[in-house]
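Here is a short report for a first look at this structure.

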Amino acid sequence: MSSRVRASSFEKSVNSELIFHAAIRSLGSGSRVSPPKLTQYDQWGRRIDELETSEGWRDLKALSQREGIPGIFYERKYGEHSRSYGFTKMVLMVGDSHEVFCPLSMTDGSARVIELLGSAEMKEKILPRLISRDPAFAFTSGQWMTERPGGSDVSQTETVATPTGSNNAFGPQYILNGFKWFSSATDSQISVALARTGSIKDGSRGLSLFLVPLRLPLLRNPTDPVPPSTSNNIFVHRLKNKIGTHILPTAELSLESTEAYLIGGLNQGIKNISPVLNITRLWSAIASVGGLRKCLAIATAYARVRTIAGGTRLLRDAPLHVAQLASISLVYRALTHLTFGVIRLLGKAECGVAAEGELKMLRMLTPTVKAFAAEKACAGMEDAMTALGGAGYMEENGFGRSIRDSLVEKYVGMGIWEGTTTVLALDLARAAQDPATLKAFITWVEEVVSSCPTDLQERLQEPLGILNGALSELGASLQKPIAPLVPRPALMITGYVASTALLLEHAIWSHGIGHSERDTDAEIVYRWAVEGGMVSAVEDVRRARQNGNNRGKANSLIAFGESERARL
């Protein structure tokens, strides 16, 4: 795929800069990585909230910054392909990165917000630090949205921002008071945060976006002592005890007269933080793809050396086993094409070269790719683990941590991870309510299909029929009014349709130049459309459309029982 989208020296640069791959694994090995530790009080009972992270965590983060993550995206050496270039490096690193891409993804999103909306002082003093390749100079950023009352529903945000009446060099100064329930990257230098500047009755329309220094003063000379952790009245109540992402410092924070600076317009917080959410959703998709890539690589490597049948054959020669590996590889290829297809749209958008239809597609596919990749990658990683039998269940081979860490992309609807599948499905439904957005997507798919050469169309007659049927069903299901149970299966169809179209686009290219893998590329399109799950996804949408109300009532009875309905 990179052959079709790279700039002239794209591949050479990726290969030459990825010599650090072995170093990544060594930096995150053994005792060098461990969960963070919080010390809330010193020996005299004074509140200090000192957070200690492991050496491996700090070194992996510094290595990433030196490699230009996220600086590559703002240097824009490769123009619209800079996003593809940077994310290619990331997908190769993510399997051994121990979640350092969490703070770096939010740093990327915050940099984009400041680039678009920040004050002149923010652009001059903060932006260069967020995108710096020098770890000693660079900042990382958090993203504080989630609160106890609402989770992903930020309309219930309770944190209040009160203007001080003065202007800081960075912009209008406010004091924040509230509690942030799920705050990752607590060791960052700054964060962007939502806080209420309007009435609680205004819901999300009463929120504004702020830049929050974690310590004051924010900017200081390199020789100055580091200010105390509580210097901006931010208090860490506890570190989260999570199923995975153990090395990542995720905390509950209280803001008690915390100094902050307004970013963008007042009461436009949701609109202003959107670039952060869109960017972090793509980082999340890359984490899913990269985790699956690692697990698949382990499984295929094992099949090349594991002997069976009394040592007379290799596991790679067992047809049933190879069929399992092929099915996992099919998912990996589909997710890779889908994710980088959306990344390419983002790169074009940021460089101002995207057509209007491409901007509409980016809006529709961003929530889709995050959810679809998480749903499919987690299952694929478990399948790869089973390919090693009992050995796959052992902690030391890396499957356990990879699966635990990837589950956060699927289940958590907070902060960086930005939304469970249901939350993202509702966002897709909102995007599709713009007729031009849905039309842009449908038109693109139809154009890809129509560009297929006649001989390739004959070979792919069955999958193309399934693709066209799914596209038709998707268009009908997203028409107003959308049935209550439709958004989630509609998201899955969108993921299947988009990934199939991108695989087809690649197969057409491969076929046209006579590539050595053109037959394999065509077979992948065939299998993904026919066997990958699109047919059942179409049936799910049809059931949701036709029997939505009755099915919803039945769902309540199944989930809660008759007695629950009686109480209601």
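## Terms and basis

A residue is called buried under 20% relative accessible area, exposed over 50%, and partly exposed in between, using a 1.4 Å probe and protein chains only. By that rule, K180 and E147 are both buried.

This is a predicted model, in which local features need pLDDT of at least 70 and side-chain atom pairs count only at pLDDT 80 or more, while totals for chains, interfaces and linings use all residues. Residues are numbered from 1 along each chain as its sequence is written, and side-chain values use heavy atoms, with hydrogens and water left out.

A salt bridge here is a side-chain nitrogen of Lys or Arg within 4 Å of a carboxyl oxygen of Asp or Glu. The whole structure holds 32 of them. One joins K180 to E147, with the closest N and O atoms 2.7 Å apart. K180 sits in strand β5 (residues 171-183) and E147 in the loop between β3 (141-144) and β4 (160-168), so the pair ties together parts 33 residues apart in sequence.

Helices (H or I, at least four residues) and strands (E, at least two) are DSSP runs, numbered from the N terminus.

E252 and R238 form another salt bridge, their closest N and O atoms being 2.6 Å apart. E252 belongs to strand β9 (residues 251-263) and R238 to strand β8 (residues 234-239), so this contact ties together parts 14 residues apart in sequence. E252 is buried, at 5% relative accessible area. R238 is partly exposed, at 43%.

E473 pairs with R542, the closest N and O atoms being 3.2 Å apart. E473 is buried, with a relative accessible area of 8%. R542 is partly exposed, at 32%.

## A salt-bridge network

Which residues are linked in a network of salt bridges? They are R76, R83, D108, R112, E115 and E350.

Two strands pair if DSSP finds at least two bridges between them. Strand β1 (residues 37-41) and strand β2 (residues 47-52) pair in the antiparallel sense, over four bridges. L38 has L51 in β2 as its bridge partner. Five residues lie between the strands of this hairpin, and G45 takes a positive phi near 80°.
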